Amino acid sequence: MELPLSQITTSNVVTTIATIILGRIIWQLIQNLLYSSIPSSVPGPLIARLTTKWITIIELSGSRGRTVDALHKKYGPVVRLSPNELSFSTLPCIKTIYGNGSSCIKSSAYDKFGRKGMFQMADPEQHRLRQKRIAHIFAPAVLQQMEILIQNCVGRLVGQQLRKRSGTEVDMLHWARMTVLDVGGELMLGKSFGALDDDGDRNDAPTYVHHLDNAYIAWSLYGLSPTLFRLFEYLPIKSLQEFLAAGDYVYKYGDDAMKQYIHRHGRKSAQKSLLTKMLAGDPVSGIEPLADAEISTEVSNLIFAATDTTGNTITYALYELACHTEWQTRLREEILTRRGPGTSSEDYLSFKSLSTLPILNGVFMETLRLHPAAPSALPRVTTGTGCQIGELHIPGGTLVSMQALTLQRDPNYFPEPDTFKPDRWISDDGKEIEYGSQEQREMMIVWGKGTRTCLGQHMATMESKIALARIVAQFEVRLPAGNKTHKEMEMTDHFTLIPKGKRCTLVVREVEVPTE
Ligand code: HEM
């Protein structure tokens, strides 16, 4: 029956559209409930059976890690997170999902993280070929040559920035990030951002960091609704356009810096930087360099991968040492006893020397355990007809993941899981550096696992241990009065770990180091 034209009112039109939208939503919810390919026996909250949106909203709020951890505590080792997504928490599943030869591949969730480079690639063969062209720049021998750059940056942090602030409250998160950023600039782009310099004639850090921070948020929003946010780009609001283009700025900065570098030094030079190595390839192993555009993408992605991860790790370690001053004292003593007649600071603070210190290693490992830089899901998708994960056959195309926040606080492997206990990783005689049971090590997925393991693991370890040792050797790090620092350091996650208050207030005071 046709409605006479005179009876078509605005309210009729609105009601009809609203009914259609509501009908579609209800239809979708029913479909999800009835036709999910995930076995119905898998427990989880009812809303997870109905829609993918609730976990997306939780993710955007920065509480995915904590929420999924609570769900595992309530429902057990397998939890449904959406009609098509599961989270697992037992040791054998790590190998199935992430181990070498796993049929699970990175999910499309990684596509939202900027331009497609090695980190984002899902196809195993495409990833293998790219990794082969990049991995040589992180070889231990190459990193050893780069140590001087890291030592210089940390030297500027302690010698210039912290010393002049001795006795005052400092935002340690800021200074750790600035240090890591300057290291990243020197290593990846062949020039420092100048973030730690007092007398530098340029300091690119504030603008770069501002865009770096915004890029993460903007990418998450694009991930939520790509079409909508692409439409927003056309709105004539300058601040909105700038915000949405934050990622482009970061890549353009990297691109320009690389061009300037080639202009200054050429493609083959004796300059100390990972960029030099990337531009030259590895002739000894017959590895050709990537094309310039690919190098530019990769180096910018590496700065993304390095900055918050390593900066947060250093910050959380210092925070834990401020909370557990007995460990701080023990660590200082351990470092300073390495000094001796005829030992220069270059010797006892060198990474070679620091890597043999059990307490430093215990503090570092325990920080990684409690405050993993990527605390929540490392998402994967099952391929083909699916695979067996634990007791369940999981059909192809299902999102599956595990999270460090749950695995690394499992009381079956780590008694008193929420307590900072570096001695878990220190042998009774203090001599064994790689201490901890095989199972404890397997439960640590802080660096990821298998073929997608963190490529920067050794660089991050070197940077963190040097920074921690040099700060603790020279400064006492204390909590200020009140509990504001505890509140600031509550953990949120937006893939990477972010302290809730986005700062870490600590009092630093230069200690009198007795002469040898
Ligand atoms: C404490 C510091 C760091 C932590 C905890 C960390 C953690 C991780 C984790 C968990 C992954 C795996 C992601 C996944 O499987 O989904 C990863 C991948 C990666 N990380 Fe790190 N990272 C750190 C620092 C760095 C640094 C300093 C660099 C380089 C300069 C770096 C470069 C990479 C790259 C290139 C990948 C991708 C590897 C691939 O897909 O083949 N990371 N990292």
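**A helix residue and its surroundings**

Q: Asp182: buried or exposed?
A: Asp182 is buried, because its relative accessibility is 0%. Buried means under 20% relative accessible area, exposed over 50%, partly exposed in between, using a 1.4 Å probe and protein chains only.

Q: What kind of model is this, before we go on?
A: It is a predicted model: local features need pLDDT of at least 70, side-chain atom pairs count only at pLDDT 80 or more, and totals for chains, interfaces and linings use all residues. Residues are numbered from 1 along each chain as its sequence is written, and side-chain values use heavy atoms, with hydrogens and water left out.

Q: Which helix holds Asp182?
A: Helix H8, residues 172-189. Helices are DSSP runs of H or I with at least four residues, strands are runs of E with at least two, and both are numbered from the N terminus.

Q: Which side chain has a polar contact with the side chain of Asp182?
A: That of Ser192, at 3.2 Å. A polar contact is a pair of N or O atoms within 3.5 Å; within protein, one must be able to donate a hydrogen and the other to accept it, and residues adjacent in sequence count only if both atoms are side-chain atoms.

Q: What else is Asp182 in contact with, leaving aside neighbours within four places in sequence?
A: Cys153, Arg156, Phe193, Gly194, Ala195 and Leu196, as well as Ser192. Contact means heavy atoms within 4.5 Å.

Q: Switching to Arg163. Where is it?
A: In helix H7, residues 140-164. Arg163 counts as partly exposed because its relative accessibility is 40%.

Q: Which side chain does Arg163 pair with through a polar contact?
A: Glu510, with 3.1 Å between the side-chain atoms. Beyond four places in sequence, Arg163 is in contact with Val158, Gln474, Phe475 and Glu510.

Q: How far apart are the C-alpha atoms of Arg163 and Phe475?
A: 8.5 Å, though 312 residues separate the two along the chain.

Q: And Asn361, which helix?
A: H18, residues 358-370. Asn361 is buried, with a relative accessible area of 6%. Its side chain makes a 2.9 Å polar contact with the side chain of Lys465. Leaving aside neighbours within four places, Asn361 is in contact with Ile433 and Lys465.

Q: Now backbone angles. What is phi for Phe495?
A: Near 70°, a positive value in a residue other than glycine. Most residues other than glycine have a negative phi. Phe495 lies in the loop between strand S10 (491-494) and strand S11 (496-499).

Q: What about phi of Lys502?
A: Positive too, about 55°, and Lys502 is not a glycine. Lys502 is in the loop between S11 and strand S12 (505-510). With 62% relative accessibility, Lys502 counts as exposed.

Q: Whole chain now. How many helices and strands?
A: There are 22 helices and twelve strands. The radius of gyration is 25 Å, close to the 24 Å from the globule rule for 516 residues, so the chain is as compact as a globular protein of that length. That radius is taken over C-alpha atoms, and the rule is 2.2 Å times the number of residues to the power 0.38.

Q: How much of the chain is buried?
A: Buried residues make up 51% of the 516.
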